[in-house]
Amino acid sequence: MIDPSLRPVLAILASLLAIPLIFATSSRRNLREGVTIAAALTKFGLIASLVPSVVWGGETHEASLFTLASGIELALEVDALGLLFGLLASLLWIVTSFYSIGYMRGLDEHAQTRYFASFAASLAAAVGVAFASNLLTLFVFYELLTVATYPLVTHDETDEARAAGRKYLTYTFGGGVAVLAGTVLLYAATETTAFTPGGIAELATTDPTIARAIFALLVTGFGVKAALMPMHSWLPDAMVAPTPVSGLLHAVAVVKSGVFGLARVILDVFGPETVESLGVGLPLAVVATATLLIASIIALGRDNLKRRLAYSTISQLSYIVLGLALLRENALIGGLLHIPAHAFMKLTLFFCAGAIHVETHTDDISDMAGIGRRMPLTMAAFAVASAGMAGIPLLAGFVSKWYIVIGAIEGGGWFFAGALLLSGVLNIGYFWPVVYQAYFESPDDHDEKPLLRGVFGGQTAVETDGGRPVEDVDDDDEPEPYETDHLGKYDEAHDHHGGPPEGGWTAAGWRGGESTWFMLGPILAAATGAVVLGIVPNTAVFLEIVTTVVENVGVMA
């Protein structure tokens, strides 16, 4: 049932209209941040109000923006798949808004008004991506998301940040060109770009060469933001952004827009049966498998915590892509469920990294021995999210990965199932040492991190200074004392470079003395989400939404 509705439009406008208010209240930061939180709550409320009718009532909500030409329309539609992405992004924007207050004030960051305004614009674009009713509309909001997030990537305004921003634009705009080319070719072949559960019927009878070319262009374009190798290198460099940006935009909105686009292509443009008949699912599954294994191995050699998390994100995104490419019911459920599962877990991890940076000026894992004494709640949340990422039972990551493994086995993909299990072991390999040394080692007696030394990820060497080769460090130019920012750049404004101060870590206790509750609250909330999704997945609405998506598409058991 189709229901014309203004709510999809209002959901986008909720954050879009907040932008001028954020600028108008720039001199009164409490009011400015109140506007941000109010907009986040309003956006989430509007989207959440759509859950009963879409999930349990089988309705879709449509809103036409305007028509460019006959058959070419910019329009919004809320179906189950769009609701999955929109609900997740809007929910976690609330959590991240509170966290951003603690983070930005804790570091006394510059340009905070621009930061909050850019965040609001990014969420407007992300929800536009979620609610796009056709490929052309999706492309428009996909590109607007790139533009809106650029000021956040380059927030530090350093040479490194600007270089990361240029790389980000080059990769993502390049991917956008591929999406546009695929969209034009799709329209030429079928005279439509509208999303249709189970796929556009005309594609099944299109020349297979043309259909494969369309698939390749669309997968390449969306694969950039999904960080499929070798189109991934923009993501680790984008970690130069403030940690809340890395958390929400690079673990939820930006990268998830890439895998969401791939889900639309596989489920609503081609359809599982056409993907199977064209033989394009298997190559995509192979690329995803290679990415998830290689990125995990590279993560083992990263000492900078945010860079290790970045390569973990690259690996985990490919779990989603693999689940989609396997084209089996359980694999699809697992792949789609891993979108919210990964979001809660990875957001927790990034939030923890940011809290450590704000409170102790520490960014490198090799400097974190014994830090559990200083930040017990933060590192406990880190441990919970890490276990979930590795697929330990009772956490969100286990449920989604279980479905993918079962789907792989049902389809005869024992190789893919084995790769998933191996990746889980690698996850333990690069997360457990962080947790272990935080609680069970001391600054004076701990093992060297990272685990691996060698040529990985295109660097000439992997060292424990955050990945910079030893020969590149000029001792004469190194200020003492110094502090590092998001990616280890020197800053003489602090008393030390990170790690335990003289005399060792001071005990903060378990009652929240380690940081402000603006940061601790969101950390614990995100970690709780990962636990809830792991213990009661049938009660959590995300699994119901995912099941609805798969039922609507119709797939091979």
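Tutor: A nonpolar core is a set of buried Ala, Val, Leu, Ile, Met, Phe, Trp, Tyr and Cys residues joined through side-chain atoms within 4.5 Å. Keep in mind that this is a predicted model.

Student: How many residues does the largest nonpolar core have, and which have the most contacts inside it?

Tutor: That core has 183 residues. L83, F119, F131, F215, F270, L336 and F382 have the most contacts inside it. Helix 15, residues 329-360, gives the largest share, 19 residues.

Student: What is F215 in contact with, leaving aside its neighbours within four places in sequence?

Tutor: V265, I266, F270, V275, V280 and L284. Contact here takes heavy atoms within 4.5 Å.

Student: What makes F119 count as buried or exposed?

Tutor: Its relative accessible area is 3%. Buried means under 20%, so F119 is buried. Y115 has a value of 1%, so Y115 is buried by the cut-off too.

Student: Where do Y115 and F119 lie?

Tutor: Both lie in helix 6, residues 112-131. They are four residues apart, about one turn of the helix.

Student: How many aromatic pairs does a search of the whole structure find?

Tutor: The search finds 16. Y115 and F119 form a ring pair, with centres 5.2 Å apart and planes at 75°.

Student: Why is the pair of Y115 and F119 called edge-to-face?

Tutor: Set the two values against the cut-offs. Centres must lie within 6.5 Å, and planes over 60 degrees apart count as edge-to-face. At 5.2 Å and 75°, the pair is therefore edge-to-face.

Student: What makes the pair of F398 and W402 tilted?

Tutor: The centres are 5.8 Å apart and the planes are at 35°. Stacked needs under 30 degrees and edge-to-face needs over 60, so an angle in between is tilted. F398 and W402 are four residues apart in helix 18, about one helical turn.

Student: Why does F398 count as partly exposed?

Tutor: F398 has 27% relative accessibility. Buried is under 20% and exposed is over 50%, so a value in between is partly exposed.

Student: How do you know that the length of helix 18 agrees with its number of residues?

Tutor: Helix 18 runs over residues 396-410, 15 residues. At 1.5 Å a residue they should span 21 Å. The end C-alpha atoms are 22 Å apart, which agrees.

Student: Which residues of helix 18 are buried, and what covers them?

Tutor: The buried ones are A396, G397, V399, S400, K401, I404, V405, G407 and A408. Their cover includes helices 14, 15, 17, 19 and 20.

Student: What makes K401 a charge over a ring?

Tutor: K401 lies over the face of Y319, 4.4 Å from the ring centre. The distance limit is 6 Å. K225 likewise sits over the ring of Y142, at 3.9 Å from its centre.

Student: Why are some backbone angles worth a look?

Tutor: Most residues other than glycine have a negative phi, and most peptide bonds are trans. Phi of H361 is near 60°, a positive value. Phi of L394 is near 75°, also positive. The bond joining M229 and P230 is cis, with omega about 10°.

Student: Are H361 and L394 buried or exposed?

Tutor: H361 has a relative accessible area of 17%, so H361 is buried. L394 has 57%, so L394 counts as exposed. L394 is in the loop between helix 17 and helix 18.

Key
Residues numbered from 1 in each chain as written. Predicted model: local features only at pLDDT ≥ 70, side-chain atom pairs only at ≥ 80, totals over all residues. Heavy atoms only, no water. Buried < 20%, exposed > 50% of the residue type's maximum accessible area, 1.4 Å probe, protein only. Helix = DSSP H or I, 4+ residues; strand = E, 2+ residues; numbered from the N terminus. Expected span 1.5 Å × (residues − 1). Phe/Tyr/Trp six-rings, centres within 6.5 Å; stacked < 30°, edge-to-face > 60°. Lys NZ or Arg CZ within 6 Å of the ring centre and 35° of its normal.
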